[in-house]
Amino acid sequence: MTWSEAFLRQARSDLSIFALLREQGEDTCHQIHYLQMAGEKLAKSESAEAGRNERPTLTHYGLSKWLQLLSLSNAEVRRLEFRSIADFNEAKGALVSAAKAVEHLAPKIANDRSKGLITHSLWNGVGTNAEYPWDQGGNLPISPVEYDFNEAELSALRLHRLALVLDARIAQKLNLHRVLPTRR
Amino acid sequence: MQENMKANPEFTAGYWFPDEHEYHLLYVDETIVPNDPDQGVATFRLIESKNGSEVTMSVGLVRSEEVGKVPLPEAWKQTWKDATKVNAA
């Protein structure tokens, strides 16, 4: 097994847990957490290092960058359930926004934000993330499970579309069936 | 490269690093989180079909303040001095 395939297989498993949590109506933070992990691993599998069969060293910021750079043929965009390259390019902005929102919920990135290392994000300066409680200010902690994650970039539809793209790409690369239900 | 910049209006410029085996490209995008200065530019392996043949590319994103400064991937033999700048149309 190559490094790329190893990361793809783990990404596929993460995505199947995302699907399970969503189907069972589990808390949004857990759904986002698994989607974030699946996206991070897919991006690592697509890294130039993995392409040379070296262990990828990408950070948590890989998914949105990979999506932004993705350039596909007509056949490939159809496998991702878009009618044409133009349709895919039109949808790409929303996909990248959702990917950025999701990856910015990784605890490491939340920590970077709270330290001011990142100044452009949905959650500037606070520790909003999908895993650990954070201080809302004035020593008032909140748990991810109590936060509603109702930002537009994280709408159920946006997350669903992002998950479908990840699923289709992983299935295509591994030559396996998808783990999310597809249109009939 | 121009096609990619047309499809991605957030790419304000591109840099091409000549290589005999594959395309090495970096696009300037101010919307991204800066690259890790210790790890250098994060690059992805993309394969594009052009006129019936497949072209392998190693592609990354940088912010304008990183141009000429952020370390290039270790596997690249080129330096920033080898780069040719391509402006957005």
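What follows is a chat about the fold, helix packing and chain contact of a predicted model.

User: Before we start, what kind of model is this, and how are the residues and chains numbered?

Analyst: This is a predicted model, in which local features need pLDDT of at least 70 and side-chain atom pairs count only at pLDDT 80 or more, while totals for chains, interfaces and linings use all residues. Residues are numbered from 1 along each chain as its sequence is written, and chains are lettered from A and ligands numbered from 1 in the order in which they are written.

User: Okay, how many helices and strands are there in chain A?

Analyst: Chain A holds 8 helices and 2 strands, where helices (H or I, at least four residues) and strands (E, at least two) are DSSP runs numbered from the N terminus. Read along the sequence, their pattern in chain A is α-α-α-α-α-α-α-β-β-α.

User: And how compact is chain A?

Analyst: The radius of gyration of chain A is 16 Å, close to the 16 Å that the globule rule gives for 184 residues, so chain A is as compact as a globular protein of that length. That radius is taken over C-alpha atoms, and the globule rule is 2.2 Å times the number of residues to the power 0.38. Along its principal axes, the C-alpha trace of chain A spans about 55 × 40 × 30 Å.

User: What share of chain A counts as buried?

Analyst: Of the 184 residues of chain A, 44% count as buried; a residue is buried if 20 or more other C-beta atoms lie within 10 Å of its own, exposed if 12 or fewer, and partly exposed in between, with C-beta atoms placed from the backbone.

User: How do α2(A) and α8(A) cross?

Analyst: The axes of helix α2 (residues 28-45) and helix α8 (residues 156-174) of chain A come within 11 Å and cross at roughly 40°, which makes α2(A) oblique to α8(A). Leu35(A), Ala38(A), Gly39(A) and Leu42(A) in α2(A) meet Leu159(A), Ala163(A), Leu166(A), Arg169(A) and Ile170(A) in α8(A).

User: Switching topic, how many residues does each chain give to the contact between chain A and chain B?

Analyst: The contact takes 20 residues from chain B and 18 residues from chain A. On the side of chain B that touches chain A, the elements giving two or more residues are α1 (2-7), β3 (43-50) and β4 (53-62) of chain B, and the largest share, 6 residues, comes from β3(B).

User: Last one: where do Asn53(A) and Phe149(A) lie, and is each buried or exposed?

Analyst: Asn53(A) lies in the loop between α3 (48-51) and α4 of chain A, and with 11 C-beta neighbours inside 10 Å it counts as exposed. Phe149(A) lies in the loop between β2 (141-142) and α8 of chain A, and Phe149(A) is buried, with 20 other C-beta atoms within 10 Å.

User: What phi does each of them have?

Analyst: Asn53(A) has a positive phi of about 60° although it is not a glycine, and Phe149(A), also not a glycine, has a positive phi of about 45°. In general, most residues other than glycine have a negative phi.

Conventions: Two residues are in contact if their C-beta atoms, placed from the backbone, lie within 7 Å. Axes are lines fitted to C-alpha atoms, for helices over the stretch in contact, and angles run from 0 to 180 degrees between N-to-C directions. Angles under 35 degrees count as roughly parallel, over 145 as roughly antiparallel, 65 to 115 as roughly perpendicular and the rest as oblique.
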